[in-house]
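Q: Please take a close look at one part of this structure. Then set that part in the context of the rest of the chain.

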Amino acid sequence: MPQTSQSETALHERLLAAGAEMADYCGAETARSFGDPRAEFRELISGCGVYDLGWRAKIVLTGGDRIRWANGMVTNNIRDLAEGHGNYNFVLSAQGRIQGDLYIYNLGDHLLVDTELWQKPRLLEIFDRYIIMDDVEVTDVSDKLTAVAVQGPKSLEVLRKLGLTIADNVDPLKVVQMVWDGIGISVTRMASEVAMTFEIWLSPQNAGKIWDALVAAGAKPVGTDALEMFRMAAGVPKYGQDITDKQIPQETEQFHALHFAKGCYLGQEIVERVRSRGAVHRHFAGFTVSGPAPQPGTELQQDGKRAGEITSARLVPVKDGEQTLAMGYIRNESGEPGTVLQVEGHEAGVIQFPYKEGLQS
């Protein structure tokens with residue numbers, strides 16, 4: 001995954017004080033682990049983990065044309081996005097290749113773009129290129145707005161200990177404005193079928209205070225090694241690693257990023273052509289590997305012939321030990337779940353995500 005220069009997050013000193021091993025993640029220096037990634041992973045699936053989201057960037061879009069313009073820039077439907085709600089999107093080239101991914105939230109008088117910090121320069125450059133005569137202003141607010149996440153089945157319990165009123169069935173990607181201990185915050189639940197995850201957006205100067213409160217309420221600090229284990233078991237691809245500008249959207253299987261009836265947008269002609277012709281020859285898939293984790297780019301074979309390639313792989317804790325899980329792209333004729341392939345002399349079985357054995361406590 002491409003990297004930009006590292007920046008320290010608002011929680012840098014808190015993480016160090018908690019014994020974190022620090023490393024770069026998505027363009028920012030944050031906690032890689034707090035000493036036991038396996039235990040941290042278990043908190044994410046059976047308890048409540050708290051982690052730094054200072055590696056996310058925040059961009060504000062204002063101006064009278066912001067909704068029309070944004071709707072023409074991304075793959076999902078921004079035009080009909082209700083106030084206080086968001087959705088997941090790709091940004092494409094005119095040739096339909098994926099240039100980045102992001103969330104967009106309609107917050108009334110502005111749109112908020114949320115993406116990984118390392119993607120920010122490229123997306124800002126693309127945005128600037130396509131604002132012609134439009135009444136749209138793009139403002140990077142990453143230094144004014146950061147985030148902390150809590151994840152796991154006990155996350156609601158922890159948030160309520162802080163006095164935050166959140167419904168059991170709150171809609172995913174709905175943003176609720178609140179005041180906690182005199183501090184203005186925004187809380188949103190992430191869209192996931194396998195994890196209860198909440199993000200808390202707030203001023204960087206207040207991040208340490210809410211981190212301390214969450215830990216005191218029972219949340220356990222979690223680093224990015226555990227997040228990567230969870231990402232692998234949940235089957236969530238990462239832009240720059242599992243998704244790049246070599247792919248078109250349908251190959252990635254991330255259909256929740258697409259809206260086929262919204263009208264014209266950048267790269268839409270290619271997406272529609274593929275949809276009408278069904279013309280993708282490979283797709284994103286998951287694999288269980290009988291050996292060590294293959295490196296990205298490692299070839300998948302069937303009967304001695306190339307059938308695909310690995311993009312990510314990691315050893316993940318499961319109920320009865322550990323399992324090497326991998327992601328990558330596979331030719332359609334070799335990609336049925338249950339098909340057994342070969343990777344570096346080991347078996348690689350095609351699976352459907354999520355990998356439930358890795359998400360059971």
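A: A residue counts as buried when its relative accessible area is under 20%, and as exposed when that value is over 50%; partly exposed lies in between. The model is predicted.

Leu 173 has a relative accessibility of 8%, so it counts as buried. Its backbone deserves a check. Phi of Leu 173 is positive, about 60°, although the residue is not a glycine. Most residues other than glycine have a negative phi.

Lys 174 sits in the loop between helix 5 and strand 10. At 33% relative accessibility, Lys 174 is partly exposed. What does Lys 174 touch, leaving out residues up to four places away in sequence? The partners are Gly 84, His 85, Val 187, Thr 188 and Arg 189. His 85 falls in strand 5 (85-92). Tyr 105 is 69 residues from Lys 174 along the chain, yet their C-alpha atoms are separated by 8.4 Å.

Helix 4 runs over residues 120-130, and its buried residues are Lys 120, Leu 123, Ile 126 and Phe 127. Seen down the helix axis, they fall within an arc of 130°, so they line one face of helix 4.

Strand 4 holds Thr 62. Thr 62 is partly exposed, with a relative accessible area of 24%. Not counting residues up to four places away in sequence, Thr 62 touches Asp 109, His 110, Asp 135, Val 136 and Glu 137. Leu 112 is 50 residues from Thr 62 in sequence, and their C-alpha atoms are 9.1 Å apart.

Back to the backbone. Cys 26 is another residue with a positive phi that is not a glycine; the angle is near 60°. It lies in the loop between strand 1 (21-25) and strand 2 (28-33). Its relative accessibility is 0%, so Cys 26 counts as buried. A cis peptide bond joins Phe 353 to Pro 354, with omega near -5°. Pro 354 is in the segment after strand 19 (346-351). Most peptide bonds are trans.

Gly 218 follows helix 6, and its phi is near 115°. Gly 235 follows helix 7, with phi near 80°. The buried residues of helix 6 (residues 207-216) are Ala 207, Gly 208, Ile 210, Trp 211, Ala 213 and Leu 214. Helix 7 (residues 224-234) is mostly covered, with eleven of its eleven residues buried. Among them are Asp 225, Glu 228 and Arg 231, along with Leu 227, Met 229 and Phe 230.

One more threonine is worth a look. Thr 311 lies in strand 16 (residues 305-318). Its relative accessible area is 6%, and Thr 311 is buried. Leaving aside neighbours within four places in sequence, Thr 311 is in contact with Gln 241, Asp 242, Phe 284, Pro 296, Met 327, Gly 328 and Tyr 329.

Now the whole chain. It has eight helices and 19 strands. The radius of gyration is 20 Å, close to the 21 Å that the globule rule gives for 361 residues, so the chain is as compact as a globular protein of that length. Along its principal axes, the C-alpha trace spans about 65 × 55 × 40 Å. Of the 361 residues, 56% count as buried; Leu 173 is one of the buried residues. Among contacts between residues at least 6 apart in sequence, 66% join residues at least 24 apart. The accessible surface comes to about 15,600 Å², and 47% of it belongs to carbon and sulfur atoms. There are 35 positive and 48 negative side chains, and the centres of these two sets lie 3 Å apart.

Note on methods: Residues are numbered from 1 along each chain as its sequence is written. This is a predicted model: local features need pLDDT of at least 70, side-chain atom pairs count only at pLDDT 80 or more; totals for chains, interfaces and linings use all residues. Side-chain values use heavy atoms; hydrogens and water are left out. Buried means under 20% relative accessible area, exposed over 50%, partly exposed in between (1.4 Å probe, protein chains only). Helices (H or I, at least four residues) and strands (E, at least two) are DSSP runs, numbered from the N terminus. The arc is that of the directions from the helix axis to the C-beta atoms. Contact means heavy atoms within 4.5 Å. The radius of gyration is taken over C-alpha atoms; the globule rule is 2.2 Å times the number of residues to the power 0.38. Accessible areas come from the Shrake-Rupley method with a 1.4 Å probe; for residues, only the protein chains shown count as cover. Lys and Arg count as positive and Asp and Glu as negative; His and the chain ends are not counted. The place of a charge is taken as NZ of Lys, CZ of Arg, CG of Asp or CD of Glu.
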